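Thanks for making time this morning. I would like to walk through one model with you, going from its strands to a residue and then to a pair of helices.

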Amino acid sequence: MLELLFAIQIFFSQPVQAAQESRSRIPIQVDISHEKYPVFFQKALRSVQEGQSECAKLVNRLFLARFGKMMFGDAWTLQLAPDNQEFLDLVWRLEEDQFIRPSLYLKDKDNRTKHFRKIYSLLDKEKHPIGVLGFMYKFSDWGTYIGSNKKWLPQSHVVFLAGRKSFEIKNDSSVVMNIEEILNKKYGKLLDNERALVNSRVPLSLELLPGGSYFYNDFLLEEHFKGAISGSLLEAFLRKDQEKREIPLLRPVSYSRISEELIREIEIQSEILAEFDVQYIYGEEFDSLNFIAKDFWTEFLAEKLNINYPGKSLLVPIPRESELVRG
């Protein structure tokens, strides 16, 4: 614990200007594979009404939970709103010559796979693949309305792109199945023009024993699509109509990454916490916990991580070596 006190004292002894430059201004970030990461999604869902089309509202609330930034707009305007561009940079959008107005149908339906490839090529290069993806939902009632205004993005659905994560494909049957058979059963028939892209992400011919699993790396999407769901970008690509199992439901229209300012904030926070071995607790637990050097750590949270009221934060880092006592 003396090492902790020494490290905090070094932080507080830095020049005032340097301290200001290294102060995090966003809520605590945790890896999306961390067991406590879902707290952000859960908080966002408190504001979203089930049974309604509130995908843009969910994205807004997720941004608020993750970064403390409030955004506004519909699915087709969210990424274009001037105030939101402080937090989002539109990197890619579907070119006008690729679709027909006002219906918004693709001129060549096979280009859907081409556009998903484009999204993957962009995300695979990102150090922090976080932001917003825009899609057109096959059966959206808003298509013609959206397509009537060229100032809008030709999309009816937005999702929060949370980052890289490992996902599982599991054989829940009682017989040996290859990955293609498992995906067909869960999402609908894999189309000929989809096979090469899917096979580049997961080995379709790989056989899994009953109860067996295969893990693959992809990108986590959090969304409100006929209810609150989260899953991989690959799953969004595979998603088919539940009755007509050969009709894809989503095709990509846009990708906006978080701004360079937010990326820098993530890195500043990471640099600050790299000096310590920390664990994460829910903010509501902080006030009821006692541990050695809590007063020093509370001051550190305020000065370096902008956490003035730990009890009101979603997550709070504390030294891992701390012996926690309640009461």
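This is a predicted model: local features need pLDDT of at least 70, side-chain atom pairs count only at pLDDT 80 or more; totals for chains, interfaces and linings use all residues.

Strand 1 and strand 8 pair in the antiparallel sense over five bridges, where helices (H or I, at least four residues) and strands (E, at least two) are DSSP runs numbered from the N terminus, and two strands pair if DSSP finds at least two bridges between them. Within that pairing, Trp92 has Tyr255 of strand 8 as its bridge partner. Strand 8 also pairs with strand 2, residues 131-137, again in the antiparallel sense and over seven bridges, and there the bridge partner of Phe135 is Pro252.

Residues are numbered from 1 along each chain as its sequence is written, and side-chain values use heavy atoms, with hydrogens and water left out.

How many of the nine residues of strand 8 are buried? Eight of them are, across residues 250-258, with buried meaning under 20% relative accessible area, exposed over 50% and partly exposed in between, for a 1.4 Å probe and protein chains only.

Now to Gln79, which is found in the loop between helix 4 (55-67) and strand 1 (88-93). Gln79 is buried, because its relative accessible area is 2%. Its side chain makes a polar contact of 2.7 Å with that of Gln155 and another of 2.9 Å with that of Ser256; a polar contact is a pair of N or O atoms within 3.5 Å, and within protein one must be able to donate a hydrogen and the other to accept it, with residues adjacent in sequence counting only if both atoms are side-chain atoms. Leaving out residues up to four places away in sequence, Gln79 touches a set of residues that includes Leu90, Gly134, Ser254 and Tyr255, contact meaning heavy atoms within 4.5 Å.

Finally, the helices. The axes of helix 10 (residues 260-273) and helix 12 (residues 294-305) come within 11 Å and cross at roughly 150°, the axes being lines fitted to C-alpha atoms over the stretch in contact, with angles running from 0 to 180 degrees between N-to-C directions. Helix 10 is therefore roughly antiparallel to helix 12, since angles over 145 degrees count as roughly antiparallel, under 35 as roughly parallel, 65 to 115 as roughly perpendicular and the rest as oblique. Gln269, Ile272 and Leu273 in helix 10 meet Phe300, Lys304 and Leu305 in helix 12.
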